[in-house]
Amino acid sequence: MPPKIGVYLCHCYGEIGKILDLEKLSQQAGKWRGVAASIHYPALCSADGLEIIAEDVRQGRVDRVVVGACSPAVHRDTFLRLARQAGLNEHFLERCNLREQCTRAHRDQPALAMAKARNLLKMAVGRLSPAESFEPVSSSTSRSVLVVGGGIAGLTAAENLARAGVNVTLVEKSPFLGGKVARLHRYYPRFCSPRCGLEVLMARLLATGRVTVHTLTEVTGVRGTAGNFMVELLKQPRYVKDACTGCGACLEVCPVEVAPSAALPPGRQRAIEGPGLFPYPLNYAVNRVFCRGKSCSRCVEVCPAGAIDLDQEEDRLSIGVDAIILAAGWEPYDAGRINNYGYGRLPGVITSMDLEVLARPDGPTGGQLIRPHDKKPVRRVAFIQCAGSRDKQHLAYCSSVCCAATLKQIDYVRAVAPEAGIFVFYMDIRTPGNLEELYRRTREEHGAVFIRGNPYAVEWDPGAEELVVTADDTLSGSRVAVRAELVVLATGMVPCAVPAFERLEKDTTGFITGHLPCSPMEVRRAGIYVAGCAQEPMDVSTSVKSALAAAAECLATIQNQSVVVPPVVERHKCDRCGRCVEECPYGACSFDTGGYPAVNPLACRGCGICQGGCPLRCIYLPGFSSREMAGLIEAVDTGSMDEQPCVLAFLCANDAYPALDLAGTRGTSYGANILAVRVPCAGAVNAGWINDALLSGIDGVLVVGCRTTECHYGRGTSLAESRVNNLRETLQRMLVEPERVQVLTAGIEDGQSLVAAIKRFVKQLQELGPNPFKE
Amino acid sequence: MHEDRPFREITLQDLERLDPVTIRTARSCANCGRCGGACLARIRDLSPARVLRLLQLGRLDEVLTSRFLWACIGCRRCSRCCPQELDVATAVVRLRRLAARHPRATFPEHLLRLLCS
């Protein structure tokens, strides 16, 4: 059945009608092929205007609609609602920009504006005639999520997803849950014990009955995309069976003492480990790095429950999940690498994580403030901030938590040693928001002395058996020395490496993050969300917040509703080259059993980068099939431009299209010969369209994307550039000047500079002369 | 180099001679430097901001022997502008009491003559 297209032109109360002769345009459009109705009306967005269109659709007079009015960037929901109410498939409604990019931009040249309007309308009609309808896709998922990491972020995300009815598998590589937070003595801002918060969280998590926990387990492989990930897990043996009652008899007999860190002497820790103050799971675990194995076996003999089995072997399992939350956490930067501070070499030099262990009642000194290795009472403590941080030789970034963590630890020191001298060497104290109060209290009530300068060295005075920290106090302009029994290095945070996720995009600091600021939780592989310190250095409260955010975004994905209408694959044309699978920034495209690309609607974000790269143009988003694009290109009347070169401009819908709208709205004139086509991303522009446009006599083609660092889809603009570069060689062989194609970038507010760049391009085209293929 | 500008060890014992209000003012100071900018005293071997910084580092002697302490005209601009709402001017006045008894005090000549005549 041939299409019945309705062309509806809007006067926009004179904004359009005063410049364009809509009566004439409407009559001309009425004669075009496929057009069944053509009218003009004072304001189509008014209730009456919308009703005219809706009535035509309902009566069956038209089945496709071209709205010649304002930019598609405005009144989006108005016309979408109209389509839904009138029962028109939304892909059968084409917006034609007669206001921002026609009458507003060319108000001083009504005749040219008229020619441009005719071209734009004809392109819309030409594109709509062969259009197909698309239905929103939903797919079924079993609603299951893998959470990687059993620290506070992972536990929070797991607990919230489970409460929302999702089945969660939680994997933790160490033998016990709780992560770094379980090792802290207190956390700020309330200075309460983290065990309390973790217990509440754990109780709620267990109450859901939906979380399966695997400790001593690492992810070794991830395949698939959102909605159907296949995850390989490797479970290390615990050597202690579930019969363990946690009595601790094994700990008494274990001969291998284990030091908590390079700077701390062994305390009560042994090669068989207990769960500590946050007992989940309750079972002990044998650390095979230190254990002497079966030659010793004292623990096996003494265990009243017979729970210890040194023959246990590793276990591999694979599970299917819909989404993954990566909360792998952080490690402290290796303080031993900061040579001049003597960590691991000088007694009494410890890190802030070491101080957390020392401060705890179950630590090696029982919570007393004594120097761990020689039990000397500590009269003075020096804290060194930014130990290895904001230092290009170590960590170039600020870990954001160390300032507040040190202020918190000064509180620990004051609690047990009211007379101790406390000195803080710092570059800047960063205590945003309410933490400023902590800083004030530390100065005023705890009397800590702040020395503004990063110490050059920490040295050992053998006579006094003291450490000497030397620095330049830049506030007083004098060199100062501090003698102390204990020096605490506030080391920064390094993301934990998870080899299975190594290929995910990282920021310059090595942390894995999503698109900032638009979708920070979802990484550039749809269905994988990042939470906690795997994303960036953050404190406990921020970590919990990020876990909640990741859980919320993850929930939206597994609700079985796709975000966009995904591209279609024409299998009869496809030669299975796999370029779409390779280039999809979200991993949404994969091979089906026949080796053809299949798009996962849950993972697709609608960028169209697949269609831009397809050599056979057999994968496309709604509105961009080869028939529709051919209809659009053939509709352009290249001779109507008053000797001006005719330019087809593919503009990215995020930045470039609104930028050109803005230029028009501000009355910036740029010549009526620029015919814009809105594309989701510069990366969605297929080189074949450019080729077709030039062969049909269009003088030049522009592709305008976002600035490379700002692309919503990551590499859209750079892909467009490399594809156009490849096309240039082909053009040269066809004796078309390669300069007729250009890729530009523009920010959303760059209307003026975009127009200037377009004008330069047009000037260049004028110098080249008309397209040799022009009739 | 080390000889020219030796490292000065920070000891805070001297501060025990100070009264509680002055100690609290010095401790609470966040070293923003605004008082130093506001000060109208003509003799500036030190400034209110520098006085507080030296006290923080325990260098009371340098403060008590400074000429600035006697150059303060009591305009209280330092106290009014302090973002931590510290009474810097009062601290300076109280420091004068200690300075007057200091063996190397820079007590101004004309005041001395006035008092001794």
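The model is predicted, so local features need pLDDT of at least 70 and side-chain atom pairs count only at pLDDT 80 or more, while totals for chains, interfaces and linings use all residues. Residues are numbered from 1 along each chain as its sequence is written, chains are lettered from A in the order in which they are written, and side-chain values use heavy atoms, with hydrogens and water left out.

Chain A is divided as tabulated below, with bounds that come from an automatic or database domain assignment.

| Domain of chain A | Residues |
|---|---|
| domain 1 | 1-134 |
| domain 2 | 141-236 + 314-329 + 496-559 |
| domain 3 | 238-311 |
| domain 4 | 335-492 |

Taken over C-alpha atoms, the centres of domain 1 and domain 3 of chain A are 76 Å apart.

In chain A, Lys24(A), Leu25(A) and Gln28(A) of helix H1(A) are in contact (heavy atoms within 4.5 Å) with Met114(A), Ala117(A), Arg118(A) and Leu121(A) of helix H5(A). Helices here are DSSP runs (H or I, at least four residues), numbered from the N terminus.

Between the chains, 23 residues from chain A and 21 residues from chain B take part in the contact. The buried area, meaning the accessible area (1.4 Å probe) that two parts lose on being put together, summed over both, is about 2,100 Å², and carbon and sulfur atoms give 48% of it. On the chain A side, Arg443(A), Glu444(A) and Arg479(A) lose the most area to chain B, together 35% of what that side buries.

Three salt bridges (a side-chain nitrogen of Lys or Arg within 4 Å of a carboxyl oxygen of Asp or Glu) are counted between chain A and chain B. Arg53(B) forms a salt bridge with Asp473(A), with the closest N and O atoms 2.6 Å apart.

Key:
Helices (H or I, at least four residues) and strands (E, at least two) are DSSP runs, numbered from the N terminus.
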